[in-house]
Structure formats: C-alpha cells, structure tokens
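Me: I would like to go through a model with you, starting with one residue and its surroundings. Please keep the answers brief.
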Amino acid sequence: YKWVAQLSSFYNIIMGCFRNGFPVAVNKLWYNAWAFYPFFFFRKDLKAEDTLTLLTHERTHVRQQRDIHLLVSVPIMAILSVLELLGIFDQYYLLLFIPFIPTVFYGIDFIRSWVFLSVYGKLLYDGKNEEYRKLTWQMVRENTCFEREAIMRSPNLEYLYDRKFMAHLSYL
C-alpha cells in the first residue's frame, strides 16, 4: 500500500498549499514578495534572516484572500451557476473576474485608509519639525487592515496555526 501513502502525502501537500499558498521563487520582482491566491511569489536573492517573517507575511495575505474567496466568490459562483442552469444568465465572462475579487476589497480598504489618513491629518503631524508629513502611497498601504494584520503578525511564525476566519476585520 505504498501508493496509498504516496497519494495521501501528495494530497496533504496540495491541500496545505491551497491553505497557505503555493510558493514560487522568481529572479526579478518589484517587491520582495507578492501574494495572489493561491500563489505567493518571492525573490530568490532574499537574505536568510528576512525570509521566514516575509513568508509568514505573504502567507497571511494568502489566507486573507482565501477568506474573501470563501465568503464572497463561492456564493457568487453558486448563484451564477444556478442562473446558468435556469437559462436566465450566461456566466462565463464573469468567471474571469472571480480571481480579482480580493483585489477589489483591497482597493476599497485602500480608499478607506486614504480617507482616514486625509481626514485625521493629526496622525501625520511630525512633532520634531513642527510640520505635517506628506501623505505617501506607502503610508496609506500600510494602514489598510490587510497590511496591518500581516505586518503585526509576521514575526510570530506560529500565527497561521491559530488565525481565525476573517481576522483582518479586527484591524479596521
């Protein structure tokens, strides 16, 4: 029954990768790493001391995207499939947009973060120079709930074992 053990091991690896992401090492990348469910890409030339926290950071993003797919994409696909079976609606061209639903939620939270930082400009006040710092794209991105969870939890390598469903909402 060696083939049963090999098949179950392969199944466990694949299911683990769907849960935590398929790692892909690339030579050139704009960032050190980037996640797009079910993959996360990272540069081959990373320093060893940064690798574990960076991989935890990207795996957190993969989990966030998986949560959004389970909560939003799967029901949309089920509704579209029922409409297709009833002959009411042709769904095939909409299926192309399903992988990008987490990106839409990232964009909405990016806008929320930008509005929050713009309205509450006190957060940008620099006490040393007695002036307001300029609002940058990086500051807005780091203030999104997705990045805040990933940044705060990336040093804890055990975080993904205990992470709750839609845990990024607690960082709003």
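Me: Leaving aside neighbours within four places in sequence, what is alanine 33 in contact with?
Reply: Alanine 33 is in contact with Phe41, Phe42, Leu54 and Glu58, contact being heavy atoms within 4.5 Å. This is a predicted model, in which local features need pLDDT of at least 70, side-chain atom pairs count only at pLDDT 80 or more, and totals for chains, interfaces and linings use all residues. Residues are numbered from 1 along each chain as its sequence is written, and side-chain values use heavy atoms, without hydrogens and water.
Me: Which residues make up the largest nonpolar core?
Reply: That core has 9 residues: Ala33, Ala35, Tyr37, Phe40, Phe42, Leu46, Leu54, Leu55 and Val62. A nonpolar core is a set of buried Ala, Val, Leu, Ile, Met, Phe, Trp, Tyr and Cys residues joined through side-chain atoms within 4.5 Å, and buried means under 20% relative accessible area, exposed over 50%, partly exposed in between (1.4 Å probe, protein chains only).
Me: Which element gives the largest share?
Reply: H2 does, with 3 residues. Strand S2 (33-36), strand S3 (39-43) and helix H2 (48-85) each supply at least two; helices (H or I, at least four residues) and strands (E, at least two) are DSSP runs, numbered from the N terminus.
Me: On to the strands. How many bridges join S1 to S3?
Reply: S1 (residues 22-26) runs parallel to S3, with 5 bridges; pairing requires that DSSP finds at least two bridges between two strands. Proline 23 stands opposite phenylalanine 40.
Me: And S2 with S3, parallel or antiparallel?
Reply: Antiparallel, over 4 bridges, with a hairpin of 2 residues joining S2 to S3. Alanine 35 has phenylalanine 40 as its bridge partner in S3.
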